[in-house]
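The sequence and model are shown first.

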Amino acid sequence: MKKILAILTFASISAFGLSAMAQDTNAPATEAKAPEVATKSLMDLWRAGGITMYPLGLFAIFGTTLIIYNFIAVRRKKFLNPTGVAEVEKMVNQLQIKEAIAYCEKNPSPITNILGSGLSRSTDNEIDTEAMTQAMEEASVEEFAAPYVLINYLSVIASLAPMLGLYGTVSGMVKAFNTIAAEGAGSASKLADNISEALITTAAGMIIGIPAMFFFFFFKNKYGAIISGASRIIGDTMFTLKTAIKFGPQDISEVIADSNEGNAAAMEAATKEEK
């Protein structure tokens with residue numbers, strides 16, 4: 001996960017830097033051709049925004065990296081592993097607890113880690129279903145907490161970016177009033193620079209904050225659906241185990257088929273949302 005984040009961050013920084021360099025390179029030619037029209041490049045706007053643009057630029061890079069990463073990482077199939085769940089449920093139905101634990105260890109994924117943690121609470125002499133359920137719930141909290149942190153950072157960016165933009169606005173207006181106090185209202189050029197700083201930082205903060213807030217809720221809702229699916233899998237697995245203990249192995253082929261169809265439908269819906 002850390003390697004992927006590092007690669008995406010490097011790619012975002014490179015793309016941002018190349019875009020800025022291209023804009024800066026084209027600026028003199030544009031001004032030479034039409035000096036009467038004062039066009040500004042991306043780097044001109046960056047400089048006009050003042051020092052506040054540097055933390056805003058970092059927020060833009062970090063936010064873009066998080067959005068790309070979450071599109072790659074937050075996938076239902078990756079977390080819920082339908083094939084692995086079906087195999088574990090078959091073993092549980094046959095009361096092959098040790099085999100199911102071994103399968104979970106050899107095929108790690110969030111849901112198999114959760115099921116394996118619960119099944120490992122059993123002993124050769126006793127299968128305590130309540131203790132196993134509790135262990136699965138505890139493991140699910142641990143498994144799903146870490147990935148959500150990277151989603152939650154989008155909320156942090158969405159909150160802080162407009163606040164930084166507001167700071168730049170206040171800074172620019174303070175400079176404008178200082179210019180008026182020192183040189184009078186006749187210094188139009190300096191006043192324009194100060195007001196530009198105020199407006200550019202405000203716009204930059206909103207441009208960064210609005211997409212970050214949108215994707216925060218998008219990934220939050222998607223992740224919530226994945227967690228709900230995991231809870232259902234835990235409940236189905238424990239029901240299969242209790243039934244097998246009480247009545248012996250059952251025919252669960254239809255249950256597994258229905259579960260696979262439900263996962264397929266959910267994944268198809270998630271794919272349509274991503275498109």
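Glu138 is partly exposed, with a relative accessible area of 41%; buried means under 20% relative accessible area, exposed over 50%, and partly exposed in between (1.4 Å probe, protein chains only). This is a predicted model, in which local features need pLDDT of at least 70 and side-chain atom pairs count only at pLDDT 80 or more, while totals for chains, interfaces and linings use all residues. Residues are numbered from 1 along each chain as its sequence is written, and side-chain values use heavy atoms, with hydrogens and water left out.

**Salt bridges**

- The whole structure contains 3 salt bridges, each defined as a side-chain nitrogen of Lys or Arg within 4 Å of a carboxyl oxygen of Asp or Glu.
- Glu138 pairs with Arg121 in a salt bridge, with 3.4 Å between the closest N and O atoms.
- Because Glu138 belongs to helix H8 and Arg121 to the loop between H7 and H8, this pair ties together parts that are 17 residues apart in sequence; helices are DSSP runs (H or I, at least four residues) numbered from the N terminus.
- Arg121 is partly exposed, at a relative accessible area of 42%.
- Lys90 and Glu87 form a salt bridge (4.0 Å, N to O), and both lie in helix H5, 3 residues apart, about one turn of the helix.
- Lys90 is partly exposed at 42% relative accessible area, and Glu87 is partly exposed at 29%.
- Arg232 and Asp236 form a salt bridge at 3.9 Å, N to O; they are 4 residues apart in helix H9, about one helical turn.
- Arg232 counts as exposed at 62% relative accessibility, whereas Asp236 is partly exposed at 30%.

- In H5, 9 of the 12 residues are buried, among them Val85, Val88 and Met91.
- In H7 (residues 110-119), 8 of the 10 residues are buried, including Ile111, Leu115 and Leu119.

**Nonpolar core**

- The largest nonpolar core has 49 residues, and Val88, Leu115, Leu119, Met136, Phe144, Leu154 and Phe219 touch the most other members; such a core is a set of buried Ala, Val, Leu, Ile, Met, Phe, Trp, Tyr and Cys residues joined through side-chain atoms within 4.5 Å.
- H9 gives the most to this core, with 15 residues.
- Beyond its neighbours within four places in sequence, Leu115 is in contact (heavy atoms within 4.5 Å) with Val88, Cys104, Met136, Ile233 and Thr237.

Notes
Helix = DSSP H or I, 4+ residues; strand = E, 2+ residues; numbered from the N terminus.
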